[in-house]
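Take a look at the structure before reading on.

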Amino acid sequence: MKPGRMIIEVMRSFFKKPVTIKYPAVAFEMPDKFRGKLKFYPEKCIGCKMCMRDCPTGAITINKIGDKQFEAEIDLGKCIYCAQCVDSCLKKALEATKDVELAQLDSRKLKVVFNASPKNTP
Amino acid sequence: MHDSHKFKIPIGPQHPALKEPESFSVALKGEKILGVDIRLGYNHRGIEKACEERTFLQDVYLVERVCGICSHSHSTCFVQAVEEIAGLEIPSRAKYLRTLIAELERVHSHLLWLGVAGHEIGFDTLLMYTWRDREIVMDILAQFTGNRVNYGMNTIGGVRRDIDVSQVKDALKAVDTLQERTKYYIEIATSEVTIIKRLSGVGVLSYEDALRLDAVGPTARASGVKRDVRKDDPYAAYADVSFDVITDNHSDVYGRTVVRLKELLESFKIIRQVLENLPAGPIAIKAPRKIPAGEAISRYEAPRGEDVHFVKSNGGEKPERVKIRAPTLANVQAVKHMLKDRFLADMPIVIAAIDPCFSCTDRSIEISYLDDARKKEVLTWPELHAYSIDWHRKRGIDFSSLNKKLKEGFKTS
């Protein structure tokens, strides 16, 4: 075994661009099938609550706020981003987006209400 | 220090050499290890009980989180058991896709292990190299499933995501790069003097001992035991692909390194065959919400060895019992044997060589008394609850007053 066998690899690495992405400064795209923050389309929801039934952590709640009108309350702290609710939804009223920057300092801000009823509107 | 002196050193639960909390109590004479006591249970999460509280579909995501590295292994194993009870015949494309993700997972797990092993023997360059190349396979996994870990690929009755032609092309190209890299690592492992000298003769587990202690996976195969669930009891699409079971006769940590590296090449072989012969058709069939009464055992060759799941259904939406046997539990007894009469400095690499995953292993506690080996005690849920309250009260912590204080604290703030 000759000493310094890895030296070629080391020299080559001098001229390569870094593998690391300088994350907050440089944005990067999530893969196409990525399961991020959920999006709710209230006009499609029929209130069957299949998503509530299949959610492994109980992160999603569908409330009736009026005649054929529903709001979705999603607890992003509880959500494990498996997107089972998206698969369970019969009317495709839920969608997983590529949004990953969800960190909050205040845990109350992790509760997201889509199509909120007047009492839930901040 | 006198030679006749014996010392007992606690290593863990919190220790820089161990990545997970696990306690090893080492009896030493000088530098030599006289015996090791392993105590599991610091990471018990009550997953089996939690499985009984959720529906079969919710459990798929729960068992996926038993292990972060072999998440696909646990979910596939569970899903296979449920499908067997329900009598579901899943489409062949789903079987192939499960095999594909399983092998990609094995590649990423073995590369991760090689890096960790390099780190434990002070060869950090190897860690940097392998983890850089691991990114390639992590990227393919993200392309195929959406996530780097916890893929969420399995569902009862098939898989959830399909792959298309352009992804297949990308993956084949990436596999070529990885194969080239792996060949380089094999060359390094078989010719680099520092690796050979550091790993040879360390953590020896003979063929007989491997059989007697029921070692599984690469740990057993490095001792010459030709045992692989993929070959012995083919599941998913393993019956349709050709590959060899890698064994080695070194019986030490060096053998385990060689087995894992050569297994990578076999994995690339399987990935190529799967991608080229991917059958067309649906990826999932509709599964019933209520699984008929029955029970099944499912076996799966995880990167660390044989993973076993037992599922019992009583005809409802929720399972009556789920039992998970992670591969580390089978191998941890062998570690005790490997360390005896060896040096203390070998301990980190010997423990790392079984690729331990202690969080996956911790299930439940059975108390056996040291003075009487036959006397055993199993605590029921209410007994355990009373025991824990009593344990804390003896040490001056009373939760009833603590709870009150916490509530008052919230009110005032």
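**Questions on a predicted model**

Q: Where in chain A is Phe15(A) placed?
A: This is a predicted model. Helix H1 of chain A covers 7-14, and strand S1 covers 38-40. Phe15(A) sits in the loop between H1 and S1 of chain A.

Q: Is Phe15(A) buried or exposed?
A: The cut-off for exposed is over 50% relative accessible area. Phe15(A) has 72%, so Phe15(A) is exposed.

Q: What is the area of the nonpolar surface patch that includes Phe15(A)?
A: Phe15(A) contributes to this patch together with Ile7(A), Ile8(A), Val10(A), Met11(A) and Phe14(A). The nonpolar surface they make is about 690 Å².

Q: How many disulfides does a search of the whole structure find?
A: A disulfide needs two cysteine sulfur atoms within 2.5 Å. For Cys55(A), the closest cysteine sulfur is in Cys82(A), 6.3 Å away, so it is too far for a bond. Over all chains, the number of disulfides found is zero.

Q: Are Cys55(A) and Cys82(A) buried or exposed?
A: Buried means under 20% relative accessible area. Cys55(A) has 12%, so Cys55(A) falls under that limit. Cys82(A) has 7%. Both count as buried.

Q: Which residue in the turn of the S2(A) and S3(A) hairpin has a positive phi?
A: Strand S2 (residues 60-66) and strand S3 (residues 69-75) of chain A run antiparallel, joined by six bridges. Two residues lie between the strands of this hairpin. The one with a positive phi, about 55 degrees, is Lys68(A).

Q: Which residue in S3(A) stands opposite Ile60(A)?
A: Ile60(A) belongs to S2, which covers residues 60-66 of chain A. Its opposite residue in S3(A) is Ile74(A).

Q: Is Leu261(B) buried or exposed?
A: Leu261(B) lies in helix H11 (residues 253-276) of chain B. Beyond four places in sequence, Leu261(B) touches Leu114(B), Thr182(B), Tyr185(B), Ile186(B) and Ala189(B). Its relative accessibility is 3%, so Leu261(B) counts as buried.

Q: What distance separates the C-alpha atoms of Leu261(B) and Gly118(B)?
A: Along the chain, Leu261(B) and Gly118(B) are 143 residues apart.

Q: What is the phi of Ala236(B)?
A: Ala236(B) is in the loop between helix H10 (229-232) and H11 of chain B. With 23% relative accessible area, Ala236(B) is partly exposed. Ala236(B) is not a glycine, yet its phi is positive, at about 45 degrees.

Conventions. Residues numbered from 1 in each chain as written. Chains lettered and ligands numbered in written order. Predicted model: local features only at pLDDT ≥ 70, side-chain atom pairs only at ≥ 80, totals over all residues. Heavy atoms only, no water. Helix = DSSP H or I, 4+ residues; strand = E, 2+ residues; numbered from the N terminus. Buried < 20%, exposed > 50% of the residue type's maximum accessible area, 1.4 Å probe, protein only. Contact = heavy atoms within 4.5 Å. Pairing = 2+ DSSP bridges. Patch = residues over 30% accessible without salt bridge, like charges linked within 9 Å, V, L, I, M, F, W, Y side chains within 5 Å. Areas by Shrake-Rupley, 256 points an atom, 1.4 Å probe, with all protein chains shown as cover. Salt bridge = Lys/Arg side-chain N within 4 Å of Asp/Glu carboxyl O.
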